[in-house]
Amino acid sequence: MSESTVRTPKIALIGNPNVGKSTIFNQLTGLNQKIGNYPGVTVDKKTGWMNYEGSTYEILDLPGTYSLYPNSEDEIIAHRVLNHIDKEKRPDYVLMVIDSCQLSRGLFLATQLIDLGVRLAIVLNMADLAAKKNIEIRNYEIYKSLGVPILSTDARGFKGLEQIKSLIHEKNFSIDSSYLNISEIIPQSLLQPIREKFDLRNDYRAYQMLRFGPKDRSIDPEDRLWIQSLITSQNFDLESAQLEETTIRYRKITSLVESCVVKKEAKKPSSALDKIFLHPVWGYVVFLSILLLIFQTIFTWASVPMDLIDGLFAEISGWVNDVLPAGPLTSLISEGIVPGIGGVVIFIPQIAMLFGFLAILEDTGYMSRVVFLMDRWMRPFGLHGKSIVPLVSGVACAIPGVMAARNIGNWKEKIITILVTPLMSCSARLPVYVILIGLVVPNTDYGIINLQALTLLGLYLLGIIGVLFTALLLKFILKSEEKSFLMVELPTYRTPRWKDVVLTMYSKSKTFVMEAGKVILAISVVLWVLASYGPPSRMEQIRQEGEEKLALAPEDEQDAVKAETSSLLLENSFIGIMGRGIEPVIKPLGYDWKIGIALITSFAAREVFVSTIATIYSIGADVEDELTIRQKLDQQINPATGEKVFNKATAFSLMVFYVFAMQCMSTVAVVYRETKGWKWPLIQTVYMTALAYFAALLTYNIFS
Amino acid sequence: MHITADTMPASKSAIIREIAASPLKINLMELGFLPGKTITLNHAAPMGGPMAFLMDETLLALRKSEAALIEVQLL
């Protein structure tokens with residue numbers, strides 16, 4: 001048997017947004033899925049495998065789109081996959097999912113697919129909703145008119161899936177047909193040369209190549225120029241041709257729909273919920289309440305698994321230390337790699353939960369209502385209504401926030417959203433805020449207002465101000481010709497599909513671990529090397545002196561001596577040297593070189609600040625005991641001035657620094673992944689650090 | 001009387017007459033905003049925010065500037 005005959009048949013799933021396409025995909029493939037990348041774009045490539053009666057089929061889930069004409073990164077994918085020059089990479093069959101209640105909109109895309117000459121079958125999904133709305137569709141009429149096999153399903157109710165499977169198995173797809181004669185709109189003098197040059201099988205494919213070839217980066221630049229010069233030479237207006245095509249196509253579809261859909265006294269869709277959820281006042285109250293509820297839940301629920309993970313990795317480190325022979329390799333594993341992996345894994349509960357909630361909001365149809373409510377308030381800052389999702393997620397953790405920004409179609413709005421999301425005060429800043437506020441802000445109440453709580457609120461607000469200011473700045477700096485538009489469907493409210501919610505949580509966490517994990521691990525190892533090694537002779541001397549002291553020390557002071565030695569070792573490590581190196585730079589902010597070390601190590605993650613400070617001021621092993629750290633810090637005296645190291649000015653300056661500074665390599669890694677390069681994460685890190693520096697400088701001078 | 005959809009009174013219905021020429025025209029048409037269709041203004045976000053129109057039993061949100069491209073005749 002030759003290679004090509006055993007090749008797994010490839011079926012692409014396509015459809016408008018919100019038609020239940022992903023549900024069908026999940027039910028056909030189960031957990032048998034793989035999420036990859038399309039080259040050059042950040043759209044997830046979802047592939048799954050369906051086994052049916054001993055045969056395997058590869059199913060490709062294309063992003064939702066309204067037409068073959070791409071408007072966003074998502075939609076380019078559908079266009080590119082279906083028009084792929086390489087026939088081997090093109091799907092063999094296409095399964096189009098249509099919302100039964102939105103027949104004409106679905107048929108618009110379906111008839112374009114017919115004209116493309118793909119082997120097509122149509123699934124009319126949400127048959128239950130159509131029945132509820134008293135819409136009766138005569139499938140056979142559509143089949144007669146289009147020549148495409150068609151069946152009805154209700155994927156949420158698991159109805160009709162067996163038919164889809166057997167349809168695929170029997171390869172019951174349409175064979176070459178056409179719906180619209182594109183040569184009535186586009187002259188043959190344009191179509192013919194394209195068809196010949198690229199060996200295309202019909203005029204519609206030639207038209208697609210003509211329309212989008214010049215912009216498609218997957219095509220040879222020389223060929224792109226050739227297409228462009230062909231268009232220019234004939235002085236043809238392709239855009240009005242597209243409008244004409246749309247008009248004619250919809251006209252034909254409208255008469256088809258009239259002949260095959262029977263509406264019996266259509267009931268008005270229930271809009272009772274929207275009366276509250278989209279209300280000019282109550283809408284926002286509901287939104288805020290839902291947000292509060294989500295954060296409350298995340299902070300309460302996620303802390304349990306996070307503590308467990310923290311403890312588990314500490315134990316693994318200890319275990320590695322015990323089992324393996326002492327040496328550089330062992331400490332690399334126990335102090336570099338294991339905590340590095342732990343630093344990735346610790347984010348999983350938050351990421352998974354946040355994506356779980358987002359999936360629920362998305363699936364019920366509420367999320368597009370939020371976009372509707374917030375668009376007006378986001379736009380003056382160069383953001384889109386959809387930016388609200390990343391920004392809100394950013395309060396828990398910037399990583400899922402940045403990942404959620406990919407839904408924004410407009411490049412400029414997406415980049416601005418990604419760049420400002422890490423300025424929202426995330427949960428990792430909380431330990432830093434708490435310990436510093438505890439040091440310098442008295443725990444007094446003014447009426448019902450607690451001064452410490454007020455300060456904390458102020459820091460969060462400062463982050464939001466940073467977001468708006470930066471977004472505004474970027475709005476004027478970044479140039480984009482791309483049109484921004486909202487045009488979003490507010491789907492009927494439905495109960496969430498729990499299986500899909502769980503799958504989303506799983507796949508998003510996996511993406512984070514696999515993609516960002518590598519970078520995080522690499523940086524952790526580098527930081528470990530810098531913190532563990534220093535000039536060898538000096539380090540050795542400290543170690544020896546430490547051992548001598550330890551031998552002389554009485555039983556109850558041994559821990560203190562050990563802590564002092566490790567503190568000395570850190571001071572003289574490369575990171576310690578770097579800390580001293582940056583002291584002149586950070587002195588104007590009110591920091592000494594010890595804080596400098598903590599600033600460097602906490603680039604890994606903000607909460608590391610607390611543990612580093614604890615190590616440097618040799619507080620001993622119990623990092624969790626916040627009180628002891630606070631007391632120790634409070635006692636630190638600056639030898640030069642005789643004042644407290646953590647006075648009001650320094651502490652506030654540090655708080656403000658942490659509000660704005662990037663200080664999170666996981667975010668850097670995710671921004672790298674989402675923007676496909678180092679340009680934006682670098683610009684972002686430099687900008688945030690500079691902003692943090694000057695804001696901290698200002699703060700220090702105000703308070704001192 | 002011909003007006004544009006952004007000036008429609010709340011909960012009133014209108015028939016689409018024409019979509020004005022604009023780079024966004026094609027997007028509106030793809031969504032189904034076509035001459036002859038009936039739309040109802042169901043919701044409007046405050047302070048000139050987006051508007052939600054009911055068309056063919058679907059609720060579609062548009063920015064005010066996008067709705068301004070739709071010429072309608074009130075019913």
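A residue counts as buried if 20 or more other C-beta atoms lie within 10 Å of its own, as exposed if 12 or fewer do, and as partly exposed in between. Keep this rule in mind for the stops below. The model on the screen is predicted.

**Stop 1: chain A as a whole**

Select chain A. The secondary structure of this chain comes to 31 helices and 12 strands. Along its principal axes, the C-alpha trace spans about 95 × 65 × 55 Å. Chain A has 704 residues, and 43% of them count as buried. Take the contacts in chain A with a separation of 6 or more: residues 24 or more positions apart account for 72% of these.

**Stop 2: a site from a record**

Start with N26(A), which is found in helix α1 (residues 21–29) of chain A. Is N26(A) buried or exposed? It has 21 C-beta neighbours inside 10 Å, so N26(A) counts as buried. Show what surrounds N26(A): leaving aside neighbours within four places in sequence, its contacts are K499(A), D500(A) and L503(A).

Move to T29(A), which is also found in helix α1 of chain A. T29(A) is buried because 21 other C-beta atoms lie within 10 Å. With neighbours within four places in sequence again left aside, T29(A) is in contact with G48(A), W49(A), M50(A) and I59(A).

**Stop 3: L530 in helix α21**

Select residues 498–532 of chain A, which form helix α21, and find L530(A) there. L530(A) has 17 C-beta neighbours inside 10 Å and therefore counts as partly exposed. Which residues does L530(A) touch, not counting those up to four places away in sequence? They are S573(A), F574(A) and I575(A).

**Stop 4: where the two chains meet**

Now show chain B as well. In the contact between the chains, 31 residues of chain A meet 27 residues of chain B. On the chain A side, α3 (103–116), α10 (238–260), α15 (366–378) and β12 (488–490) each supply at least two residues. By class, this side of chain A has 17 nonpolar, 7 polar and 7 charged residues.

Zoom in on β12(A). This strand pairs with strand β5 (residues 58–62) of chain B in the antiparallel sense, over 3 bridges. To see one position of the pairing, select E489(A), which stands opposite L60(B) in β5(B).

**Stop 5**

β4(B) and β5(B) pair in the antiparallel sense over 5 bridges. In this pairing, A52(B) has A61(B) of β5(B) as its bridge partner. The hairpin of β4(B) and β5(B) has 2 residues between the strands, and D56(B) takes a positive phi near 50 degrees there.

How many of the 5 residues of β4(B) are buried? The number is 4, so β4(B) is largely enclosed by the rest of the structure.

A44(B) stands opposite M51(B) in β4(B). The hairpin of β3(B) and β4(B) has 6 residues between the strands, and in this hairpin M47(B) takes a positive phi near 55 degrees.

Technical notes
Residues are numbered from 1 along each chain as its sequence is written. Chains are lettered from A and ligands numbered from 1 in the order in which they are written. This is a predicted model: local features need pLDDT of at least 70, side-chain atom pairs count only at pLDDT 80 or more; totals for chains, interfaces and linings use all residues. Two residues are in contact if their C-beta atoms, placed from the backbone, lie within 7 Å. Ala, Val, Leu, Ile, Met, Phe, Trp, Tyr, Cys and Pro count as nonpolar, Asp, Glu, Lys and Arg as charged, and the others, Gly among them, as polar. Two strands pair if DSSP finds at least two bridges between them.
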